[in-house]
Amino acid sequence: MEPFRYSPLPAGGDTVRILRLLSGGEADEIQCELSSRKLAEISDHKTYEALSYCWGKPGGEVKISIQEEGQARNSTILVQPNLHGALSAFRYKETPRNLWIDAICIDQSNEEEKNRQIPLMRRIYEGCSSVVIWLGRELPDCNSEVAISLLKKLNDAATIAGPDIPSINIFSSKDLAKYGLPSLFSFDYVSLLSLLEAPWFHRSWIVQESAVAKKATLFLGAFSADWTDLIHGMNFALETKLAFTSHPAVNYFIPVADEGAIYRAGGCTLLGVLLRHRLCGATNERDKVYAFLGLTEKSARPQARIKVDYGQDLRTVYTEVARSIITHDRNLDVLSLPPLKFKSKTKSLPSWAPDWSIPDTKQAKEIRQIPGGHTQSLVNAEESGNRISKPFNATRNSDYNVLEIHSMHQAHLLPTKGHKVATITAVGDMHEGQFMPSSWNFESFRRCIGSIFKTYHTLLTWESVAEFRTQKGKYEHDESNEDAYWQTLIAGNLSEHENEEEPKQDMREEFFKWRQANTANPILKMLGLGYLQLIFMAFSLIIVFLIYKRPQSTFHGRLQNIIFRRMIRTEGKRYIGMASGDVRLKDEVWLLEGSKVPLIIRRGGENGVLIGDAYIHGIILDRPRVNGQDMFFQEGTYTFTRKVLCRFCYRTFDFLEHLSIVPYPPSLHCYAWEKLTGAERKVSLEELQIINQGGFRARVMAASARNGDPGTTWTWARESSPNEKLQKEHKTYERGEVQT
């Protein structure tokens, strides 16, 4: 038989192909028919089912027989082994079965057709009678029958418990049996965890396919269960803190399971869904964006619209996605990304455009083995409800104003306005978390022990950078340096109540308990026994994770921002903070218009590089202050590229005054005349002449004429709005600070 050739689908509209899987016995050859139908006519939750599966690695393709509607002869088409297994499992013996399968119903060799069909996939999976999820015939270390049975038992236990989550002694077999669950040490849990580690759960497309489905059924070999049973059962296990929920596979099932509820509530923002599922993999790296676009179509808030185009190179796709989000949302939230220890692999990608191709499948697996490794950005932690403090508001609800790009050669630029806060003078090691493998062998044990030693060393470098014990005096707002340090570790995540003295003292005590548990005892260290203590901690940690998910203190539960970040300290006021990215000495902390948090920037002449976001204690929440004064933007245009940061284009003083913008450190022309020396007065006059580009002289003369006294030349500058803010503090300018 000849290889199958697709007949082209009508351009435009919503025509799709439906696969008719013909009946047959287990040993019979698989035979199919393809027909073209209008999606609007068949989206009745009755006509067809949609298959959700993992393509698998290339190679080992199997031929199946296929015939297009109206053709006289059969042809053959190659399919991956996993898809062939699914077709064999789902074929009825007596009647045909209508399915939609992406690998067959879309001509994968035709990019133009893919560009038209991919945007229809949300409607395809939403309009089918059922989504059939194929995990495979079998999985490593998994007894299929036991895994599916335990899944159903957990769902039954949730039904028995009802809305009130019970308190279960997980060490008591009697308590567990009361809800129909096996004992703590049963190998049934191993099979369920192996099921959750199936490649299907790590695929980008399955998020949309399961989230929009009216009904979905999970198949593992000959055994099946409802998708909702898995969600309800796992929610029960998490709420009751059953031992196996400490396994990394469970933590990464949660975002997939939660997406359906977020979608139905209209809460899927484009940036939010991309960040939640950044660890998911895809054969085509463009699909790490395209796979999630459909989820945003029913968002309660309008979202940026991205055109699917498989003909574009990866750099162009990721750049345009970032620019579209920034322009549509009018903020720079996309610059505040969850930290990763991996560098961008996409050639020539601008530093302000997220590289969604990382982590790749291997890197994502490594991250999954680090508790807390699925990090969140500072900004998007608020959207996901993981922060209880006041929202980050370092630039006081400013919007990003789209600035003009003057030529196609500047298409990789992102013009912004901003304000330099400080220069970084000390940087700690990256906190890489503690490695917790899914199975135990000598190499896994070695890595686990090594990660504990490394974490210990990292925390010591952080304390050194923050001058935890050595710095004299107080931090901002009369805080102690110790208080500033522990609040930095939790990124200021304190409620209004917890900011009161008594609750704050409780949190302070929890911090010192956590610190004692994570650093070697100084006395043992003096005796040379510090490493022995760490080895004991390592064994303790392993036992805790193997047997029971350790109850966390309030403080420990809020440390979700430390993984893959570094402790930093700045010059001058010596602010401390946590920063993401490859931060180095002399990098700069900036506030940019439209950004809720400070950003780290590396200067390079007129241009520079965006490194990452940062929590800077004392200036990141509402109404940030520097040296006791409100902080304002410095007017100027800054341009981000792959090696770009800042390009100054000063505007008029009218614009500065209108937006209450002054530079920090303040330029000399912002000070009262009588506070300046003779040399400083000369410099300030030159500054004002440059700023107003000639208009200043006319304005000064007009002011003098009104007052009838040439000696009042500086009255206007002294009485301008920004100057009044600075005159309240009788200070002079020195070395980038306003000092007495």
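**Helix packing and local backbone features in a predicted model**

Biologist: Is K586 buried or exposed, and where does K586 lie?

Modeller: In this predicted model, K586 has a relative accessibility of 70%, so K586 counts as exposed. Its phi is near 75 degrees, a positive value in a residue other than glycine. As for location, K586 lies in the loop between β12 (576–580) and β13.

Biologist: In which loop is K241 found, and what is the phi of K241?

Modeller: The loop between α10 and α11 holds K241. With 43% relative accessibility, K241 falls between the limits of 20% and 50% and therefore counts as partly exposed. K241 is a residue other than glycine with a positive phi, near 60 degrees.

Biologist: At which residue does helix α11 bend?

Modeller: Helix α11 covers residues 248–264. The bend in α11 amounts to about 30 degrees, and the residue at which it occurs is D258.

Biologist: Against which helices do the buried residues of α11 pack?

Modeller: The buried residues of α11 include P248, Y252, P255, E259, G260 and Y263. Also buried are V250, F253, V256 and A257, and these four residues take part in the contact with α10. The helices against which the buried residues pack are α5 (121–127), α8 (188–196), α9 (205–211), α10 (227–239), α12 (270–276) and α15 (361–368).

Biologist: Which peptide bond is cis, and where does P359 lie?

Modeller: The peptide bond from I358 to P359 has omega near 0 degrees and is cis. P359 lies in the loop between α14 (314–329) and α15.

Biologist: How do helices α18 and α19 stand to each other?

Modeller: Helix α18 spans residues 481–489 and helix α19 residues 501–518; their axes come within 11 Å and cross at roughly 80 degrees. That angle falls in the range of 65 to 115 degrees, which means that α18 is roughly perpendicular to α19. At the contact, E482, D483, Y485, W486, Q487 and L489 of α18 meet, in α19, K504, M507, R508, F511, F512 and W514.

Biologist: Which residues does S595 touch?

Modeller: S595 is found in the loop between β13 (588–592) and β14 (599–604). Its relative accessible area is 2%, under the 20% limit, so S595 is buried. Leaving aside residues up to four places away in sequence, S595 touches L332 and T395.

Biologist: Are the cysteines C142 and C448 buried or exposed, and how many disulfides does the whole structure hold?

Modeller: C142 has a relative accessible area of 13% and is therefore buried. C448, at 0% relative accessibility, also counts as buried. A disulfide is a covalent bond between the sulfur atoms of two cysteines. For the whole structure, the number of disulfides found by the search is 0.

Note on methods:
Residues are numbered from 1 along each chain as its sequence is written. This is a predicted model: local features need pLDDT of at least 70, side-chain atom pairs count only at pLDDT 80 or more; totals for chains, interfaces and linings use all residues. Side-chain values use heavy atoms; hydrogens and water are left out. The bend at a residue is the angle between axes fitted to the seven residues ending there and the seven starting there. Helices (H or I, at least four residues) and strands (E, at least two) are DSSP runs, numbered from the N terminus. Buried means under 20% relative accessible area, exposed over 50%, partly exposed in between (1.4 Å probe, protein chains only). Contact means heavy atoms within 4.5 Å. A disulfide is a pair of cysteine sulfur atoms within 2.5 Å. Axes are lines fitted to C-alpha atoms, for helices over the stretch in contact, and angles run from 0 to 180 degrees between N-to-C directions. Angles under 35 degrees count as roughly parallel, over 145 as roughly antiparallel, 65 to 115 as roughly perpendicular and the rest as oblique.
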